[in-house]
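Hello,

Here is the structure I promised to pass on to you. Have a look at it first, and then read on for what turned up.

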Amino acid sequence: MAMNKNTVLSWATLLMIIMGVALILMGAYRYHEVAGWGFATVGIGFFAIAWVFNALKGRV
């Protein structure tokens, strides 16, 4: 299977979304104290980076 740049960006976007969801869920359910806010914030940052990767598909 040949992977071009758009395929790589698609996989990176998918993995970033999965990690973002995992971090937000860890912040919500695993860590109820102040650390949970940090996990959730990093998860939202992962979503932002995934959005940029998705926007770059076809332009790089």
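The radius of gyration used here is taken over C-alpha atoms, and the rule for a globule is 2.2 Å times the number of residues to the power 0.38. Please keep in mind that this is a predicted model. For a compact globule of 60 residues the radius of gyration would be near 10 Å, whereas this protein has 14 Å. The C-alpha trace spans about 45 × 20 × 10 Å along the principal axes of the protein.

As for secondary structure, you will find 2 helices and 0 strands. Among contacts with a separation of 6 or more, 58% are made by residues 24 or more positions apart.

Of its 60 residues, 15% count as buried.

Is G36 buried or exposed? Its relative accessibility is 6%, and buried means under 20%, so G36 counts as buried.

What does G36 touch, leaving aside its neighbours within four places in sequence? The residues in contact with G36 are then G27 and Y31.

Enjoy exploring it, and write back with any questions.

Best wishes

How values were computed: Residues numbered from 1 in each chain as written. Predicted model: local features only at pLDDT ≥ 70, side-chain atom pairs only at ≥ 80, totals over all residues. Heavy atoms only, no water. Helix = DSSP H or I, 4+ residues; strand = E, 2+ residues; numbered from the N terminus. Buried < 20%, exposed > 50% of the residue type's maximum accessible area, 1.4 Å probe, protein only. Contact = heavy atoms within 4.5 Å.
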